[in-house]
Amino acid sequence: MKLGPLSRALRGHVREIVVHTGQHYDHAMSEAFFDELDLPRPDRHLGIGSGPHGRMTGRMLEALEEVIAEEKPAMVIVLGDTNSTLAGALAAAKMGVPVAHVEAGLRSFDPAMPEEINRRLTDHVSRLLLCPTPVAVANLKAEGIVRGVHRTGDVTMDAVRANLPRALAAPRPPGLPASGAYYLATVHRQENVDHAGRLAGILGALEALSLPVVLPLHPRTAARMAALRRRLDTSRVRVIAPQPYLAMLRLMKEASAVLTDSGGMQKEAFILGAPCITLRRTTEWTETLESGANRLVGTAPAKIRSAVRAIERNRPRWRAARVYGDGRAGERIARVIARFLGAG
């Protein structure tokens with residue numbers, strides 16, 4: 001999703017080689033994005049797959065070093081805060097290749113989050129730090145990083161603006177409640193679904209909400225629920241398969257509220273005007289908290305239910321463009337990279 005607007009802009013300035021590590025390997029959560037959004041097919045697919053953080057990152061490092069040695073790129077661009085992001089940044093930096101980090105400067109200030117480690121280390125080896133917001137720029141300055149920092153806006157805003165008309169025109173998954181008559185939930189984060197008590201608390205809270213809940217079920221969550229033999233009250237929670245990007249945009253846009261432990265969905269809900277309840281104690285998207293558009297509640301059932309009731313009593317209002325830009329971040333990033341490389 002983030003690759004789309006960036007790739008289209010880059011192709012006007014430089015030759016691009018797309019590398020897919022294989023970290024996201026479920027079709028609905030990976031290949032479907034390339035098909036649906038007409039993204040450039042990966043030039044290299046490493047097929048790494050899942051596994052413990054250390055083993056996964058180590059295998060990516062080894063494979064990416066080979067790709068960099070063969071392709072001899074002028075720059076390696078990494079997006080976000082995944083293990084793939086860190087592996088790409090470390091492999092390039094160790095081989096003397098400049099790194100550009102898209103979504104630089106984000107901080108949750110939660111050292112227990114693997115993503116927080118990934119984003120901090122990536123920022124400190126990057127030559128270009130492409131920040132979505134002023135807060136991200138300030139975070140880098142607080143860590144002594146000021147060279148190569150650019151505020152560009154957020155490529156997620158680009159993607160949502162470009163794709164929302166198509167999303168609203170596409171068919172909805174069958175059998176779901178009407179627009180505005182449901183909550184949308186996603187749960188996938190390791191610290192939530194691998195902890196039986198937290199997972200049980202979240203699922204119990206979803207079953208007790210005033211509107212039915214639509215739950216696209218992540219493979220990790222499905223496996224943990226099966227192991228716990230946890231079945232949901234299907235009259236309250238409508239479980240569906242993981243959805244492609246356009247379908248998820250529409251589900252978020254038409255939801256009364258979004259409940260999630262995803263970082264990306266917090267921001268997408270904010271852009272789409274859907275109030276968000278975040279099933280975490282911290283967030284890297286701190287701007288979404290200021291207007292009440294997003295509330296951090298953790299996993300306690302009582303806090304989840306209370307936050308949903310508060311939103312329904314007094315629905316917040318906000319303007320996403322003031323935070324994440326005008327939908328032209330990809331173009332700005334491409335120009336910064338082209339200038340750095342002397343590509344004009």
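How many bridges join β5 to β6? In this predicted model, β5 and β6 run parallel and are joined by three bridges, and in one of these pairings Leu-129 has Val-149 of β6 as its bridge partner. Between the two strands the chain passes through helix α6, residues 134-142, and this β-α-β crossover from β5 to β6 is right-handed.

The pair belongs to an open sheet of four strands, whose order is β3-β4-β5-β6 and whose pairing is parallel. At the edges of the sheet stand β3, residues 76-79, and β6, residues 149-151, each of which pairs on one side only. Direction ignored, neighbouring strands of this sheet are turned against each other by 20 degrees on average.

Among the residues involved, His-101 has Leu-129 of β5 as its bridge partner, and the chain crosses from β4 to β5 through helix α5, residues 114-125, in a β-α-β crossover that is right-handed. Val-102, in turn, has Leu-130 of β5 as its bridge partner.

Are the residues on the two faces of β5 buried or exposed? Both faces are covered, with Leu-128 and Leu-130 buried on one side, and Leu-129 and Cys-131 buried on the other.

Methods:
Residues numbered from 1 in each chain as written. Predicted model: local features only at pLDDT ≥ 70, side-chain atom pairs only at ≥ 80, totals over all residues. Heavy atoms only, no water. Pairing = 2+ DSSP bridges. Axes fitted to C-alpha atoms, helices over the stretch in contact; angles between N-to-C directions. Buried < 20%, exposed > 50% of the residue type's maximum accessible area, 1.4 Å probe, protein only. Right-handed = clockwise from strand over helix to strand, strands pointing away.
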